Amino acid sequence: MWDVHTDHGSTPELVKAALLQGATECLILLDRCSEGQVKVSWDPALLQLIPCPSEGAAQCLQKPTGFLSPSALKDSAYAAAAERAAEVGSVFLHLLAKLEAAKTQESLGVPVVGPILSRVMGPIYIFAATHIAERPWTNARSQSVAQELLALLVQAAGCGSVAEFLRGKDEDEEGRFAAVMGLLKQELTKDTWKRNPATKHVFSWTLPHVTRPWLSHYLERVLPPSLLISDDYQEENKILGVRCLHHIILNVPAADLCQFNRAQVVYHALYNHLYSREAPLIQAVLLCLLDLLPILERAQRQQNQGRPTTPCDEVLQLVLTHMEAEHRLALRRVYARSLPAFVQRLGILIVRHLKRLERVILGYLEVCDGPEEEARLGILETLQCTIEHAWPRMPCRLPVLLKALLKMMWDVHTDHGSTPELVKAALLQGATECLILLDRCSEGQVKVLLEGVYSSCEENRVRECIRKVQENT
């Protein structure tokens with residue numbers, strides 16, 4: 001910049017100005033990416049070192065002090081967008097009110113207003129859905145305007161709810177969901193869906209309003225974007241996509257899901273997420289898989305595929321492998337809450353996994369996981385389900401399970417931490433029920449083994465649990 005300023009050659013002034021402007025923009029960019037270090041390094045004495053700087057050169061050097069950091073610029077842009085959205089929404093409200101009033105005029109009426117409304121309903125709905133929830137680009141005013149706009153739009157369409165507006169009043173009537181998805185289609189491709197951060201939220205907010213039996217008509221439109229969003233690297237997008245897939249699984253007939261191997265594609269997409277270490281994602285995936293597995297297994301039976309293992313076996317095997325080595329409490333709780341459903345799903349076939357399942361149960365009974373004890377309660381429920389379904393295999397495991405349950409009961413009774421009394425009572429009740437089930441499938445062996453424990457135990461709470469086992473017939 002100084003060289004340009006002190007150049008007294010033939011360089012035109014316009015070129016010098018362009019060079020100084022370019023250097024200034026580079027300094028601004030450097031300041032933004034260095035979080036203000038360029039401003040900090042600006043010493044007032046710097047200008048003194050330059051003999052007789054021109055006013056233009058000095059202004060170029062001082063210019064970065066007036067600029068914001070990237071995060072501040074982003075927040076400012078979002079705030080401006082929210083204000084603009086509120087203003088645009090107010091205009092839409094005025095237009096819809098005018099159209100509603102025109103319906104009652106003899107010269108216009110529904111024949112004239114109807115086609116106009118049908119053309120603008122899709123874009124107005126997408127605008128309202130973009131700003132109806134709390135997002136970085138919304139504020140209280142824009143959300144309020146969006147809610148009012150959506151309510152008026154539903155009323156103008158002659159519908160009683162957003163769901164009715166989208167899907168139609170009955171199965172034979174076509175709603176506006178097709179028009180909305182037609183507008184979103186270009187923004188939900190592999191190359192475009194991340195350009196507009198609002199697109200995924202509009203799609204995921206709209207989809208749950210369309211349920212069975214209407215959703216099956218739009219399966220080809222909603223399944224690809226759901227898979228696309230779930231396959232992203234960001235956890236927020238993965239969870240969003242998995243929830244969309246779960247809604248599709250619950251609201252589309254199994255025959256349609258199995259056609260063209262769609263169910264298998266969804267299964268493999270969900271199975272890959274099981275390698276994640278994020279508890280919210282694992283919880284969403286396991287809940288989704290539990291509803292998808294019956295569909296896959298039914299399809300295998302219909303195709304006479306005599307596989308030695310089922311998809312449920314594959315999922316449970318991977319879950320148990322992760323549970324054995326997992327030390328994070330959040331993930332342990334998610335796994336333990338989901339495990340009883342997998343045992344119920346497999347039934348007697350849980351014997352295929354008993355060796356590993358036993359190690360998981362013993363390991364989780366030993367460790368306290370906080371005030372609510374969610375992991376231990378889930379594991380006790382898992383043990384009860386396992387005893388009920390695989391009772392012929394329990395007598396040989398009786399010594400190990402009995403020791404683990406009694407140790408846990410003693411630990412709970414002697415725990416003077418922050419565990420509420422109701423949680424302690426639930427743990428002791430769960431352990432007692434497991435002991436009763438073990439006694440039944442071992443033909444009274446538990447009662448015999450507990451006689452010595454009862455006579456030597458001086459703690460009333462533990463004695464009460466043992467007494468219930470001994471008195472149970």
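1. Start with Val-112, which is partly exposed at a relative accessible area of 39%. (Buried means under 20% relative accessible area, exposed over 50%, and partly exposed in between, with a 1.4 Å probe and protein chains only.) Val-112 sits in helix α7, residues 109–131. (Helices are DSSP runs of H or I of at least four residues, strands are runs of E of at least two, and numbering goes from the N terminus.) Together with Leu-108 and Ile-116, Val-112 makes a nonpolar surface patch of about 210 Å². (Patches take residues with over 30% relative accessible area and no salt bridge; like charges are joined within 9 Å, and nonpolar side chains, meaning Val, Leu, Ile, Met, Phe, Trp and Tyr, within 5 Å.) On helix geometry in general, an α-helix has 3.6 residues a turn, so residues three or four places apart point the same way.

2. A word on what you're looking at. This is a predicted model, where local features need pLDDT of at least 70, side-chain atom pairs count only at pLDDT 80 or more, and totals for chains, interfaces and linings use all residues. Residues are numbered from 1 along each chain as its sequence is written, and side-chain values use heavy atoms, with hydrogens and water left out.

3. Now the overall picture. The chain has 24 helices and zero strands. Of its 473 residues, 45% are buried. The accessible surface comes to about 24600 Å², and carbon and sulfur atoms hold 56% of that. (Areas come from the Shrake-Rupley method with a 1.4 Å probe; for residues, only the protein chains shown count as cover.) Among contacts with a separation of 6 or more, 67% are between residues 24 or more positions apart. (Contact means heavy atoms within 4.5 Å.)

4. Compare another valine with the one above. Val-423 is in helix α22, residues 421–441, and counts as buried at 10% relative accessibility. Beyond its neighbours within four places in sequence, Val-423 is in contact with Pro-371, Glu-372 and Glu-373. Val-412 is 11 residues from Val-423 in sequence, and their C-alpha atoms are 9.5 Å apart.

5. On to charges. The count of salt bridges comes to 21. (A salt bridge is a side-chain nitrogen of Lys or Arg within 4 Å of a carboxyl oxygen of Asp or Glu.) One of them joins Glu-220 and Arg-262 at 2.4 Å, N to O. Glu-220 lies in helix α12 (residues 219–230) and Arg-262 in helix α15 (residues 262–273), so the pair ties together parts 42 residues apart in sequence. Glu-220 is exposed, with a relative accessible area of 52%, while Arg-262 counts as buried at 12%.

6. Two further pairs are worth a look. Arg-337 and Glu-374 form a salt bridge with their closest N and O atoms 2.3 Å apart. This pair links distant parts of the chain, with Arg-337 in helix α18 (residues 329–346) and Glu-374 in helix α20 (residues 374–389), 37 residues apart. Arg-337 is partly exposed at 39%, and Glu-374 is partly exposed at 30%. In the other pair, Glu-326 meets Arg-328 at 3.4 Å between the closest N and O atoms. Glu-326 is buried at 4%, whereas Arg-328 is partly exposed at 36%.

7. Check helix α16 (residues 279–302) for its bend. Its 24 residues reach 35 Å from first C-alpha to last, close to the 34 Å expected at 1.5 Å a residue. (The expected span is 1.5 Å times one less than the number of residues.) The helix α16 bends by about 30° at Leu-292, with Pro-294 following within four residues. (The bend at a residue is the angle between axes fitted to the seven residues ending there and the seven starting there.) As 17 of the 24 residues of α16 are buried, the helix is largely enclosed by the rest of the structure.

8. Helix α11 (residues 197–206) is mostly covered too, with eight of its 10 residues buried. Among the buried ones are Lys-200, His-201 and Phe-203. The buried residues of α11 pack against α7, α9 (162–167), α10 (177–184), α12 and α13 (235–251).

9. Most residues other than glycine have a negative phi, and most peptide bonds are trans. The Arg-212 to Pro-213 bond is cis, with omega near 5°, and Pro-213 is in the loop between α11 and α12. Phe-260 has a positive phi near 60° and counts as exposed at 65%.
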